[in-house]
Structure formats: structure tokens, C-alpha cells
Amino acid sequence: QVQFVESGGGLVQPGGSLRLSCAASGFIFSTYAMSWYRQAPGKGRELVAAISSVGGGTTYADSMKGRFTISRDNAKNTVYLQMNSLKPEDTAVYYCNAGWRSPPPFGSWGQGTQVTVSS
């Protein structure tokens with residue numbers, strides 16, 4: 001069964017950095033693009049970034065360009081999100097899933113990891 005386990009969130013001050021990790025299982029990880037999504041309080045889930053199956057291509061939502069970097073390690077079935085210059089509006093629960101665009105191919109979601117940006 002498809003599973004995603006996100007980790008690495010926490011409380012950080014504006015301008016700070018965090019690195020999120022997502023361990024995936026239940027499918028052939030190296031054959032799928034992978035994505036990060038986030039859901040802020042009272043808002044819908046939005047696509048943050050995506051990376052191709054072998055990592056050669058990436059895409060970002062406009063507000064994340066230049067601040068966030070998505071990467072992956074196919075040997076570890078893990079996708080990462082390096083977040084720099086964090087802003088209060090980045091506060092959300094962050095999730096990963098497969099695919100290049102929304103909606104993802106798998107209907108299951110992990111528990112997510114909470115990121116709170118506050119002074």
C-alpha cells in the first residue's frame with residue numbers, strides 16, 4: 001500500500017530555514033515524479049514544488065521560487081524540500097505525494113509535517 005511519511009517541520013523565525021523529508025513506499029519510487037503540497041489553516045491544499053523521476057527537472061509555485069529547493073534520493077525513496085527565507089505566510093502543514101501536477105496519482109496522504117513561521 002502506498003505510504004508517505006513526512007518529517008522535519010517545526011517552529012522557525014521569519015527568515016529562517018527548514019529541511020523537510022518524505023519517505024515513500026508501496027510503489028516504484030524511481031519511476032514517479034514527486035511533489036510537495038501544503039495546506040494553510042482555512043485554505044485548500046496547494047502544490048508547492050515538483051521534481052521529475054530522475055531529478056533532472058523541477059517546478060515551483062511562483063511564491064516559492066528562489067526560496068525553496070526540491071530534491072530526491074531514489075536510493076532512499078525519499079524526497080526533500082529545503083526551505084529558506086521563510087515567511088509567516090509559509091505556515092502550513094506540508095505533505096508529499098507522487099506526480100508532477102495536482103491531483104496526484106495516489107489518493108492516500110501522509111500525516112504531513114507542521115511548519116510554523118513566527119517570531
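This is a predicted model: local features need pLDDT of at least 70, side-chain atom pairs count only at pLDDT 80 or more; totals for chains, interfaces and linings use all residues.
Which order do the strands of the open sheet of 4 strands have, and is their pairing parallel or antiparallel?

**View 1. The open sheet of four strands.** The 4 strands follow the order β1-β3-β8-β7, and their pairing is antiparallel. The edges are taken by β1 (3-7) and β7, and because each has a single partner strand, one side of each is left without a neighbour in the sheet. From one strand to the next the twist averages 15°. Within the sheet, β3 and β8 run antiparallel and are joined by 6 bridges, and L18 stands opposite M83 in β8.

**View 2. The largest nonpolar core.** In soluble globular proteins, nonpolar side chains tend to be buried together. In this model the largest nonpolar core has 30 residues, among which W36, L81 and Y94 have the most contacts inside it. At least two residues of this core come from each of β3 (18-25), β4 (34-39), β5 (45-51), β7, β8, β9 and β10. The surroundings of Y94 can be followed residue by residue: leaving aside its neighbours within four places in sequence, Y94 is in contact with residues that include W36, L81, M83, L20, V48, F68 and V115. The list of contacts of Y94 also holds E6, Y37, R38, G112 and T113.

View 3. A search of the whole structure finds 7 aromatic pairs. In one of them, the ring centres of F27 and F106 are 4.9 Å apart with their planes at 45°, so the pair is tilted. This pair links F27, in the loop between β3 and β4, with F106, in the loop between β9 and β10, although the two are 79 residues apart. Both F27 and F106 are buried. A second pair to look for is that of Y37 and W109, whose ring centres are 5.1 Å apart and whose planes stand at 85°, so the pair is edge-to-face. Because Y37 lies in strand β4 and W109 in the loop between β9 and β10, this pair ties together parts that are 72 residues apart in sequence. With a relative accessible area of 2%, Y37 is buried, whereas W109, at 30% relative accessibility, counts as partly exposed.

**View 4. A cluster of rings, and arginines placed over tyrosines.** Ring pairs link F4, F27, F29, Y32 and F106 into a cluster. Elsewhere in this view, the charged end of R19 sits over the ring of Y80, at 4.0 Å from its centre. R45 likewise lies over the face of Y95, 4.2 Å from the ring centre.

**View 5. Backbone details in the loops.** Most residues other than glycine have a negative phi, and most peptide bonds are trans. Against that background, a cis peptide bond joins S102 and P103, with omega about 0°, and P103 is found in the loop between β9 (92-98) and β10 (113-117). N77, which is not a glycine, has a positive phi near 50° and is found in the loop between β7 (68-73) and β8 (78-83). S85, also not a glycine, has a positive phi of about 50° and is found in the loop between β8 and β9. N77 is partly exposed, with a relative accessible area of 27%, and S85 is partly exposed at 41%.

Terms used: Residues are numbered from 1 along each chain as its sequence is written. Side-chain values use heavy atoms; hydrogens and water are left out. Buried means under 20% relative accessible area, exposed over 50%, partly exposed in between (1.4 Å probe, protein chains only). A nonpolar core is a set of buried Ala, Val, Leu, Ile, Met, Phe, Trp, Tyr and Cys residues joined through side-chain atoms within 4.5 Å. Contact means heavy atoms within 4.5 Å. Two strands pair if DSSP finds at least two bridges between them. Axes are lines fitted to C-alpha atoms, for helices over the stretch in contact, and angles run from 0 to 180 degrees between N-to-C directions. Rings of Phe, Tyr and Trp (its six-membered ring) pair if their centres lie within 6.5 Å; planes under 30 degrees apart count as stacked, over 60 as edge-to-face and the rest as tilted. A charge sits over a ring if NZ of Lys or CZ of Arg is within 6 Å of the ring centre and within 35 degrees of the ring normal.
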